[in-house]
Amino acid sequence: MVETIIEINKITKVFKIPHERKTTLKEYFVSAFSHRTYEQFHALREVSFSVREGEFLGIIGRNGSGKSTLLKIIAGILQPNSGRIAVLGSIAPFLELGVGFQPDLTARENVYLYGAILGLSRTAIDQKFDSIIKFAELENFVDQKLKNFSSGMQVRLAFSTAIQSDADILLVDEVLAVGDADFQRKCFNTFDRLKREKKTIIFVSHDLGSIERFCDRVVFIEGGKVKNIGKPREMITAYGQSFTDTTPENIEARATSGIYITKVAFSNEQGEEKKTFKTGETIRIKIFCKTNRAVHNVIFGLEFANEQGLLLSGINMGIDHLVVEKVEGEKQVEFIIQNNPFLDGMYYVTPAVADKSGDLIFDRVERIFRFYIANENQKKYFGFIQFPYTWRF
Amino acid sequence: MTIKRQRYWNLVRELAIADFKLRYQGSVLGYLWSLVKPLLLFGVLYLVFSVFMRFDIAQYNLYLLLGVILWGYLAEGTTTAISNLVNKGGLIARVSFPRTIIVVASTVTSLITLFLNLIVFMIFFIASGVPVHATVVLFPLLLLELYLITTGLGLLISALNIKVRDLSHIWEVMLQIGFWATPIIYSMSMIPAKYHFWYFMNPMTRIIKYSRDVVIYGIAPDLKGVIASFFMAIALFVVGYLVFKKREPYFAEDL
């Protein structure tokens with residue numbers, strides 16, 4: 001008999017975003033004489049589902065779809081405006097690894113502090129300390145200050161400490177985005193172990209590969225609503241299709257972001273649409289986007305990643321001192337790669353559209369759009385890219 | 001329930017230790033600063049009010065030092081509580097735990113400073129040859145009161161300060177005014193009797209006066225006064241706690 005461990009019943013969360021945030025008395029006084037204006041943002045609308053004991057549940061959805069808000073409500077950090085949530089068990093809240101790390105303290109001191117934040121007692125850490133350090137591969141740096149650590153080392157330390165938690169439910173938000181391939185493999189092994197130990201895990205990630213690999217069920221969220229719940233493969237397909245789905249309901253769900261990306265098309269020099277190219281061929285990448293208002297000073301960007309998600313290149317108009325002055329209705333932006341350097345394999349393109357300052361990202365679509373490189377001859381080079389070169393000796 | 005409580009005490013301890021270690025990171029004198037600061041203030045005040053102006057108060061050096069130390073605890077405990085709640089915003093936004101822990105950890109960290117200062121006071125005490133009075137056993141009770149007042153005020157102001165950030169500055173000014181409006185450098189006998197009622201409404205007046213009575217002069221404080229001050233301390237603590245608990249669910253959004 002599998003028991004329900006988390007029951008989420010019609011949870012709604014509305015953020016009131018004041019047009020100007022008031023945090024000082026003066027601002028309160030000034031605003032007392034004028035109208036207070038709020039913009040209401042529905043992060044979650046009547047979200048309901050349950051999580052069973054021992055389940056590995058994935059949550060997928062676009063940026064701004066409400067995934068993180070949902071996780072924070074489950075963790076008890078945010079309060080829902082309406083709806084009920086029942087959690088039968090202790091929660092290890094590692095929403096973000098290394099929260100509370102103090103750069104001026106040593107690795108040892110930080111393990112104790114972080115452990116306490118995660119609910120581990122001093123004696124529990126005393127016992128596990130050596131294995132934490134060993135797992136993080138930081139044996140030689142135990143008494144060094146954390147500020148001298150690379151970000152990879154910090155993440156390793158945080159992850160090693162976090163997995164010692166003996167909570168019944170683990171909330172995991174994008175932890176695998178960092179760390180080298182070797183450490184990622186270790187993380188995956190840990191997930192396998194936790195799965196065998198029948199821990200309940202809620203996993204939020206853009207990495208659809210690991211979602212498919214680990215999750216028993218996936219919740220697909222769009223525009224703050226549960227769009228569908230089901231088998232990982234099916235949900236990932238539905239998620240992928242949602243990008244081309246232009247039903248009015250779907251568009252309304254995305255419209256909160258201002259500008260949303262509807263499609264990315266790949267074509268060759270002649271404009272023939274295709275998905276498979278040869279090394280050296282011209283690749284034209286067209287980003288289609290839509291908005292239901294006029295937005296000024298917009299920049300577009302693209303990231304190229306390999307099949308494992310390793311970022312190969314990131315480019316945006318801001319770097320090139322370019323800006324699209326106005327976007328209204330539908331808009332297409334084309335990015336042309338002449339003489340493409342990619343070698344055989346599959347490549348992800350992550351398009352993004354943002355405000356000129358870069359602070360406000362309207363939309364960003366990870367791990368959905370891809371193209372392939374296939375050369376007829378055997379691959380001449382190793383790795384992912386080739387470039388012009390000469391030898392001299 | 002007990003496991004949870006144990007977990008939270010554990011967090012209080014670790015946060016307090018980390019804060020104390022971090023406080024004097026990179027400074028040459030390190031922890032000594034927690035002693036130097038009140039001693040310096042004491043030295044200046046002693047020079048002005050004992051050598052230049054000559055207050056006629058028995059054991060004025062001990063009298064002054066004890067007052068400065070106790071007031072210093074209130075000031076340090078409340079201000080660090082206020083700033084810690086803001087500074088630990090990252091933790092609040094990402095980890096769920098009772099936020100009172102942050103305030104309690106701050107006032108506990110300041111207890112370390114308080115005890116270091118009291119050791120210095122003891123050295124002065126022994127050096128000045130004043131006999132140890134039996135009434136000193138009441139002193140921990142007064143320290144408990146001081147702790148309740150500091151934590152209560154810390155809870156109250158830090159919670160409201162999340163919404164209106166001016167409060168941290170207003171509180172700094174209030175602490176300055178309070179330092180002079182409380183008999184720390186002078187004595188109650190210098191205050192016209194008609195103001196005494198208002199003076200005794202200030203719980204710090206009572207705590208400092210009774211502490212001096214039991215530690216330095218061996219006078220047992222009057223029972224009514226002690227009970228009154230205890231009620232004040234508990235009331236302040238309860239008000240602070242309730243306000244904090246009411247605001248707590250919104251911290252993650254307001255920060």
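This is a short tour of a predicted model, stop by stop, with something to select at each one.

**Stop 1: the six-stranded sheet**

Start in chain A and colour strands E5, E6, E7, E3, E8 and E9. In that order they make up an open sheet of 6 strands with mixed pairing. Now look at the two ends: E5 (91–92) and E9 (225–230) of chain A each have a single partner strand, so one side of each is left without a neighbour in the sheet.

Zoom in on E8 (residues 217–222) of chain A and its partner E9(A). The two run antiparallel and are joined by 5 bridges.

Helix H2 (residues 67–75) of chain A touches strands E3 (56–60), E5, E6 (169–173), E7 (200–204) and E8 of chain A. The direction of H2 makes about 155° with that of E6(A). Then show helix H8 (residues 232–241) of chain A, which packs on the sheet too and touches E3, E8 and E9 of chain A. Its direction makes about 20° with that of E8(A).

**Stop 2: salt bridges around helix H6**

Over all chains, the structure holds 24 salt bridges. Let's visit a few. Select Asp192(A) and Arg213(A): their side chains meet in a salt bridge, 3.0 Å from N to O. Asp192(A) sits in helix H6 (residues 181–196) of chain A and Arg213(A) in helix H7 (residues 208–214) of chain A, so the pair ties together parts that are 21 residues apart in sequence.

Lys195(A) belongs to helix H6 of chain A, while Asp216(A) is in the loop between H7 and E8 of chain A, 21 residues apart.

**Stop 3: the three-stranded sheet**

Move along chain A to strands E10, E12 and E16, which form an open antiparallel sheet in that order. E10 (259–267) and E16 (330–337) of chain A are the edge strands, each pairing on one side only. On average, neighbouring strands here are turned by 20° against each other, direction ignored.

Strand E12 (residues 283–291) of chain A runs antiparallel to E16(A), with 8 bridges between them. Select Ile287(A) to see Val333(A) of E16(A) opposite.

**Stop 4**

Click on Phe393(A), in the segment after strand E19 (369–373) of chain A. With 95% relative accessibility, Phe393(A) counts as exposed.

**Stop 5: over to chain B**

Finish with Arg7(B), which you'll find in helix H1 (residues 2–23) of chain B. What does Arg7(B) contact, leaving aside its neighbours within four places in sequence? Show Ile117(A), Gly119(A) and Ser96(B): those are its contacts. At 19% relative accessibility, Arg7(B) counts as buried, because the cut-off for buried is under 20%.

Methods: Residues numbered from 1 in each chain as written. Chains lettered and ligands numbered in written order. Predicted model: local features only at pLDDT ≥ 70, side-chain atom pairs only at ≥ 80, totals over all residues. Heavy atoms only, no water. Pairing = 2+ DSSP bridges. Helix = DSSP H or I, 4+ residues; strand = E, 2+ residues; numbered from the N terminus. Contact = heavy atoms within 4.5 Å. Axes fitted to C-alpha atoms, helices over the stretch in contact; angles between N-to-C directions. Buried < 20%, exposed > 50% of the residue type's maximum accessible area, 1.4 Å probe, protein only. Salt bridge = Lys/Arg side-chain N within 4 Å of Asp/Glu carboxyl O.
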